[in-house]
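Reader: Could you walk me through this model, term by term?
Author: Gladly, let us look at it together.

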Amino acid sequence: MDIKLSIKNLDAYYGKTKVLHNISLDIPKNKAVAIIGPSGCGKSTFIRCLNRMHEVVGGSITGSIMMDNEELSKKDPVLLRKRVGMVFQKPNPFPTMSIFNNVAAGLRLNGIRNKKIIAPIVEKCLKQAALWDEVKDNLDDSGANLSGGQQQRLCIARTLAVDPEVILMDEPASALDPISTTKIEDLIFELKKDYTIVIVTHNMQQAARVSDYTAFFYIGELVEFDVTSKIFMSPAKKQTEDYVRGRFG
Amino acid sequence: MNNELSDSIKDKLTRKLISSHNMGDFIFEKLTLLFTVSVFLLVILMGYEMYQGSRLSIAKFGWGFLSSSTWDPVQEIYGALPIIYGTVVSSALALIIALPLSIGIAIFLAEIAPDWLEKPVSFLVELLAGIPSVIYGLWGIFVLVPWLRQSVEPYLSEKFGYLPIFTGAPYGFGMLAAVLILAIMTLPIISSISRDVLKSIPYSQREAALALGATRWQSTLIVLKDAKSGILGATMLGLGRAIGETMAVTMVIGNRALISPSLFDPSYTMASVIANEFTEATSQLYLSALTELALVLFVITIVINALARLLVWSMSRKWKTS
C-alpha cells in the first residue's frame with residue numbers, strides 16, 4: 001500500500017489555542033479517507049493543514065506532514081494547493097464568471113490562456129464531475145444560477161481542472177438535498193480511482209458508503225483510525241463505538 | 001423541520017391578525033409612511049421651485065444656456081458652458097487621482113491589514129470624510145496654494161511646459177488646486193465604501209481562489225472582479241460629492257468663468273458660482289440664471305446618486321440571493 005500523506009505528531013494551533021493534539025496517521029494513495037467526529041473536534045482544521053489553508057486564517061502547526069516523502073512546510077503553499085485541491089462545505093463558485101470560466105479559473109491562474117488547451121480540459125472535468133450533460137448547452141451562463149448541488153459539482157470540476165493529486169472535501173454534501181448528496185457520493189466513489197480523497201463528514205452513513213478508511217476525531221485527538229468496515233462494525237475503542245452507534249455527538 | 005416551518009407561518013399569521021386590529025400600530029405605520037412620502041415630496045418640490053425660478057432664464061436663453069460660453073452679469077448674458085466645464089473637469093480629474101488611491105486603501109484595509117491596524121485606520125479614513133469643507137478650503141489657501149505656486153507649478157512648467165495643460169502663469173489658485181482638494185475630499189468616501197463592498201464579499205470566495213493555487217494578489221483580483229459594480233457605485237458617490245462641493249473649491253479655484261486647457265488657470269464650478277454670486281444677483285434675470293444653474297446641478301447630482309445607489313444595491317442583492 002502506497003502512502004500519499006504521512007502525518008506525524010501533528011499539533012495545530014489558532015493563535016495560542018491548541019486545536020489538534022498529537023495526530024499521527026497515514027493516508028494511502030488512491031483511497032478515500034473519511035474523517036468523522038462531533039462538531040468542534042478539529043476535523044476541518046485537520047484537513048486544512050493538509051493544503052496549508054489553515055495558515056490563511058492564522059493557524060500554525062508543529063510536527064510533520066509528508067506528501068510523497070516531502071515535508072509540506074518546506075513547500076511553496078501556492079504550488080502545494082495546486083497538488084492538493086479542496087472542496088468546501090458551502091458551494092463557492094465565482095459568481096461573476098461563467099460556468100466555463102469557473103472550471104477554467106485554476107488553469108488561468110497557472111497562466112494557461114490558450115482556449116484550445118483549456119476547452120477540452122473543461123469538458124473532461126465537467127464530465128468527471130457528472131455535470132456536463134446538465135450544463136453543456138449553457139456554459140456561458142453564470143455559475144451562480146445553478147442549483148446548490150450543481151454548484152458543488154461545479155466546484156469539484158473546478159478543483160479537478162488543476163489536476164491535483166489529493167482532493168480534500170470539507171463536508172461537501174452537508175448543505176445539499178438528498179438527491180444531490182447521492183450524486184456527490186457517487187462522484188467520490190468514481191474519483192477515488194484516480195485521486196486520493198480525504199473527506200470530512202458529519203454523516204456516518206456517508207462515511208460508511210464512500211470511504212475505505214475512517215478516522216474518528218474527538219476534541220482534537222485522533223481516537224481511532226482503521227479500515228472503514230472495522231470502525232463501523234467492530235471498533236477497538238469504546239468512544240468510537242458510542243459515536244458510530246449514535247450514543248453521543 | 002416541516003413542523004417548525006408551519007409553526008413559523010402560523011406565528012406570522014397571528015401577528016398579522018393582531019397588528020391589523022391594533023390602533024396604535026395602525027397610526028404608527030401610517031405616520032412613518034407619511035414621513036417617508038414627505039421626503040419624496042420635498043425633492044419634487046425643490047425641483048419644481050427651481051424650475052419656476054429659472055423660467056425667465058430658460059425663456060431667454062433656451063438650450064443656449066448650456067452651450068454658450070459667455071457669463072457676463074454686466075451685459076446680462078448668461079452662458080453656463082465654462083462653469084459646467086469647470087465642474088465636470090475638476091470632478092473628473094479629482095476622481096482620476098482619487099480612484100486608484102482609494103482602491104489601494106480599500107484593498108489594504110479589507111484584504112491585507114491585520115485587525116488591530118484595520119480598525120483605527122478605517123476610523124481615521126471615515127473621520128476624514130467628516131471634516132467640514134471650509135477647513136479643507138483654509139488648508140488649501142494657506143498650505144496647498146502657496147506650495148503649488150512656489151514649487152509644484154514652476155517645476156511642472158519648466159519640465160513639461162510643452163504640454164498645454166501646464167502652460168500659463170503659476171498663480172497657485174486655479175484648476176490644479178481645486179482638483180487636488182477634491183481628490184483629497186472624495187478619497188475617504190470612495191475608499192470607505194469600497195472597503196465595505198470588499199468586506200461584503202464572502203470569505204469563501206478568497207478561499208476558493210487560494211485553494212486553487214492562487215497567490216494573494218490573484219485572489220484579490222478575483223475579489224475585485226466581484227466587487228466591481230459596488231466600487232463603481234462608491235466612485236459615483238464620490239463624484240456626486242465632488243460635483244456638489246462648494247466651499248473648499250470656491251476658496252482655491254480662482255473663480256473665473258474660463259475654458260482653458262491649462263491646469264494652472266483659474267476656473268469656476270456651478271456650486272461656487274451660486275455661492276459667490278447669489279448675494280450680488282440684483283436683476284431678475286441674473287437670479288433666474290443662477291437658479292437655472294442650480295437646477296442643472298440638482299439634476300446631475302440626482303442622476304449620479306441614483307445610479308450609484310442602484311449599483312451598490314444590485315451588488316448587495318446578488319450576495320444575498322447566492
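Reader: Which residues lie nearest the centre of the largest pocket, and what makes it a pocket?
Author: A:V56, B:E111, B:Y203, B:R206 and B:R216 lie nearest the centre, out of 24 lining residues. A pocket is an open set of points on a 1 Å grid over the protein atoms alone, where a 1.4 Å probe fits, with protein on both sides within 12 Å along at least five of seven lines; lining residues have an atom within 4 Å of a point. This is a predicted model: local features need pLDDT of at least 70 and side-chain atom pairs 80 or more, while linings use all residues. Residues are numbered from 1 along each chain, and chains are lettered from A in the order written.

Reader: What makes up the lining of the largest pocket?
Author: The lining has 13 nonpolar, 3 polar and 8 charged residues. Here Ala, Val, Leu, Ile, Met, Phe, Trp, Tyr, Cys and Pro count as nonpolar, Asp, Glu, Lys and Arg as charged, and the others as polar. α5(B) gives the most, with 4 residues.

Reader: Why are α6(A) and α7(A) called roughly parallel?
Author: Their axes cross at roughly 20° and come within 9 Å. Angles under 35 degrees count as roughly parallel, so α6(A) and α7(A) are roughly parallel to each other.

Reader: How do you know which residues of α6(A) and α7(A) meet?
Author: Contact means heavy atoms within 4.5 Å. Among the residues that meet are A:I156 and A:L160 in α6(A), and A:I184 and A:L187 in α7(A). By class, this contact has 5 nonpolar, 3 polar and 2 charged residues.

Key
Heavy atoms only, no water. Axes fitted to C-alpha atoms, helices over the stretch in contact; angles between N-to-C directions. Helix = DSSP H or I, 4+ residues; strand = E, 2+ residues; numbered from the N terminus. Parallel < 35°, antiparallel > 145°, perpendicular 65-115°, else oblique.
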